[in-house]
Amino acid sequence: MDIYLHHYPASLFSEKIRVLLGYLGLPWHSVVTSSIMPRPLLMPLTGGYRKTPNLQIGANVYSDTAVIARGLARHAGDSSLFSAGFNGDRIAEWADTQLFRVTVTLNFRPEALGDMMSQLSAAEVNAFMADRAELSEGASITTFTPDAALGYLAHYATALDASLTKDFLLGATPTVADFSLYHCLWFVAANPVNAPLLEPYPRIRAWMERIAAFGHGEVSEADGEQALAHARDSEPLDPALNSTLPEGIAIDDAVTVTPVDYGKIPVSGQLVAWSPNEIVVSRETKQTGRLMNHFPSAGFEVARSP
Ligand SMILES: N[C@@H](CCC(=O)N[C@@H](CS)C(=O)NCC(=O)O)C(=O)O
């Protein structure tokens, strides 16, 4: 069963998974998607979920990096990423929401945006802005000013620098916390205007170099058609999770699964499993055959289809 990562180079959440694949030593196929919708070759696989990245292992599709990390750990037979338990998970969740917003606010402030957008035509910039406005429509997320973001960054980076007394944040080996912190700071470091903001923090810089040294692993280029064909030729693997279902919902029910924060597009399928970490639904399309779609249980809403 081959691994396909559907991503694009500038996506910071994708960078989290690229270095995770390098760390786990898993060979993978890279399918580069457009940075904006539509993505017609991806939607049959995700069922409409529109955020980036998405990871496919045969006919199992993982959407959202929290569950991608779980899927990869299971595939690699290495659960050390989760060895810090609650602490690792909570730091990762905080980084993927609060620290992510701080870094996006910094890279999207006018003086920092120029470099990122300089390769795009005016029409492409407009299309990008319109796409992101649609992504945020009805979003339940906090926003703040660039000055506030600078205050947050200095506060967080000072504390993180002081805490990095071992090779990785929570010990001698990396956990999900390291990968979630890393991709946010990678985004800041990749912006020439914002990169100097990390200069006062030598431990952060050394730790970032240790993570960057994992590389992206063994990558081969592929396209969306090849990924669809691989899904079609594969049978989905049931992760055999111990489901803990709320009252009124049963396995095999027709349900929708929707992110709670932004990009709130419901994915319809039949419930396969719902554990404290993972929701799995089964779907079938002509282009893909039968699939299992995995989402994290925290941050997604499950509802019975009417
Ligand atoms: N909670 C999600 C967040 C993913 C996310 O927000 N990704 C950004 C790109 S870095 C995105 O989807 N942007 C809009 C898009 O690519 O369509 C995860 O962990 O995967």
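Two residues are in contact if their C-beta atoms, placed from the backbone, lie within 7 Å. This is a predicted model: local features need pLDDT of at least 70, side-chain atom pairs count only at pLDDT 80 or more, and totals for chains, interfaces and linings use all residues. Residues are numbered from 1 along each chain as its sequence is written.

**View 1. Helix H8 packs on helix H9.** Asp178, Tyr182, Leu185 and Ala189 of H8 meet Ile204, Met208 and Ile211 of H9. Helices are DSSP runs (H or I, at least four residues), numbered from the N terminus. H8 spans residues 176-189 and H9 residues 202-212; their angle is about 105° and their axes lie 10 Å apart. H8 is therefore roughly perpendicular to H9 (65 to 115 degrees). Axes are lines fitted to C-alpha atoms over the stretch in contact, with angles from 0 to 180 degrees between N-to-C directions. The contact residues are six nonpolar, no polar and one charged. Ala, Val, Leu, Ile, Met, Phe, Trp, Tyr, Cys and Pro count as nonpolar, Asp, Glu, Lys and Arg as charged, and the others, Gly among them, as polar.

**View 2. Residues surround the ligand.** Among them are Ser11, Phe13, Arg50, Lys51, Asp64 and Asp96 (C-beta atom, placed from the backbone, within 6 Å). H1 (12-24) and H3 (65-76) each supply at least two shell residues. The shell has four nonpolar, four polar and four charged residues.

**View 3. Domain 1 touches domain 2.** Domain 1 covers 3-79 + 218-304, and domain 2 covers 82-212; the bounds come from an automatic or database domain assignment. Their centres, taken over C-alpha atoms, are 23 Å apart. On the domain 1 side, H1 gives the largest share, seven residues.

Definitions and conventions:
Angles under 35 degrees count as roughly parallel, over 145 as roughly antiparallel, 65 to 115 as roughly perpendicular and the rest as oblique.
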